[in-house]
Amino acid sequence: MTTFVDRVELHVAAGNGGHGCASVHREKFKPLGGPDGGNGGRGGDVILTVDQSVTTLLDYHHSPHRKATNGKPGEGGNRSGKDGQDLVLEVPDGTVVLDRAGNVLADLVGHGTSFVAAQGGRGGLGNAALASARRKAPGFALLGEPGDLHDIVLELKTVADVALVGYPSAGKSSLISVLSAAKPKIADYPFTTLVPNLGVVTAGSTVYTIADVPGLIPGASQGKGLGLEFLRHVERCSVLVHVLDTATLESDRDPVSDLDIIEEELRQYGGLDNRPRIVVLNKIDVPDGKDLAEMVRPDLEARGYRVFEVSAVAHMGLKELSFALADLVGRARAAKPKEEATRIVIRPKAVDDTGFTVTREDEGLFRVRGEKPERWVRQTDFNNDEAVGYLADRLNRLGVEEELMKAGARSGDGVAIGPEDNAVVFDWEPSMMSGAEMLGRRGEDHRFEAPRPATQRRRDRQAARDEASEEFEGFEPF
Ligand SMILES: Nc1nc2c(ncn2[C@@H]2O[C@H](COP(=O)(O)OP(=O)(O)OP(=O)(O)O)[C@@H](O)[C@H]2O)c(=O)[nH]1
Ligand SMILES: [Mg+2]
């Protein structure tokens, strides 16, 4: 059974915003007391947060679809809808968040570090909030916006101070088991370790973490053995330890050439050159091992390595090793800039929402892109003529109409607001976008639809307006 997962694809859905409410206050003897529809609640965010007690992404492997709750709709009597609840997903320290194209969105290191992976939709304003001196009794409310939907990849890069690298069966897991309280699997066949092990070592007053990765063999960088994939778990370590086997019986191997081969694989992987390294000659409890260790020691020291002779099984040389590591870790920590004491919350970059663009796409088709116009379109209930009129007013005030005019749009041309696969298309009429009409949504090809003649459109709009105003007859100004 899998118990460790270090890469998952996760589908996160934030909550939708609740719709605003269109309602009219009613009281005895004062039947139409003015708009009192409340705002919809905000949809919940999906937030990733580092929890140091979590060590694997296994949970997300089993259930990769996660959704925050929706905001509740507003209600009459000026009651706002409740906000949706944020969904907090706990991830291991060192989780990297990527988009599907492999771009890094966030690198979550340190307990409590958070990342908003999907932002909840805004709630729609109710008609009470939409009332103004000019629009005293709006007969419409804004729709809640859909929450973000994202496919993301989580990749774990273990955060350890010290990483052990070496051939299979060199004794890496054995070392972790005697230096720390961790109890990784140990056996006399290669590739016992299939996933990294993590242990906590206390040496004097220094506490540090130590991790191993599955054994490396020549050609690992070409995918031999378990390949170099697991080396990402040593990327964050500050000290590298070469664990060399002095008791192997393979004729073509010896500690020095083992070291050269592992170094070559590390070089192929890249990015680890600046880590301080030490060499551990393991298994000196075996008589031949001790002899071999003594033989190769000068050679290794001549290459600039500090060399430790140990036996994981017979507990020899461990204290010296663990204090030397503590010293190196301490120096590395001192050299690092102080970590922020406060929790870091990383939010996706805010999109520039100040502007919009108008492009001519086709004969008689213009496209408007921009954060605001697109949001406003999402907030609009197209079954409500007044709501559509309000949208037109907002677009005009932003200057969309002016830009369309400059771009050469003429009465009757199509105007699409939004991306190609999810746009709302209007028949455009200068300074009269009210009564605009949606011709196609989501994949329908609006260009095949024959626009109605302008006169017909005008008549339809007038009819709709008459209908709408009838509803408000007898309204008292308030
Ligand atoms: N005699 C002796 N045997 C050891 C020593 N350290 C480890 N071994 C043995 O070597 C074998 C491999 O040990 P592991 O700790 O599983 O080696 P590893 O480097 O983690 O191997 P992989 O996980 O396969 O990469 C086991 O049979 C251990 O008992 C030692 O100091 N002396
Ligand atoms: Mg192992």
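Helix H3 (residues 172–179) supplies the largest share of the shell around ligand 1, namely three residues, helices being DSSP runs of H or I of at least four residues and strands runs of E of at least two, numbered from the N terminus. The structure is a predicted model, in which local features need pLDDT of at least 70 and side-chain atom pairs count only at pLDDT 80 or more, while totals for chains, interfaces and linings use all residues. Residues are numbered from 1 along each chain as its sequence is written, chains are lettered from A and ligands numbered from 1 in the order in which they are written, and side-chain values use heavy atoms, with hydrogens and water left out.

In total, 24 residues surround ligand 1 (a heavy atom within 4 Å); the closest are Ser169, Ser174, Phe191, Thr193 and Asp285. By class, this shell comprises eleven nonpolar, nine polar and four charged residues.

Oxygen atoms of ligand 1 form polar contacts (pairs of N or O atoms within 3.5 Å) with the protein backbone. Such an oxygen lies 2.9 Å from a polar backbone atom of Gly171, and the corresponding distance is 3.2 Å for Ala170. For Asp188, a backbone N or O atom is 3.4 Å from an oxygen of the ligand. Of the 650 Å² of accessible area that ligand 1 has on its own, the protein covers 87% (Shrake-Rupley method, 1.4 Å probe).

Elsewhere, strands S16 (residues 357–362) and S17 (residues 365–369) run antiparallel and are joined by five bridges, pairing requiring at least two DSSP bridges. Thr359 has Arg367 in S17 as its bridge partner. Two residues lie between the strands of this hairpin, where Gly364 adopts a positive phi near 75°.

Note on methods:
A polar contact is a pair of N or O atoms within 3.5 Å; within protein, one must be able to donate a hydrogen and the other to accept it, and residues adjacent in sequence count only if both atoms are side-chain atoms. Ala, Val, Leu, Ile, Met, Phe, Trp, Tyr, Cys and Pro count as nonpolar, Asp, Glu, Lys and Arg as charged, and the others, Gly among them, as polar.
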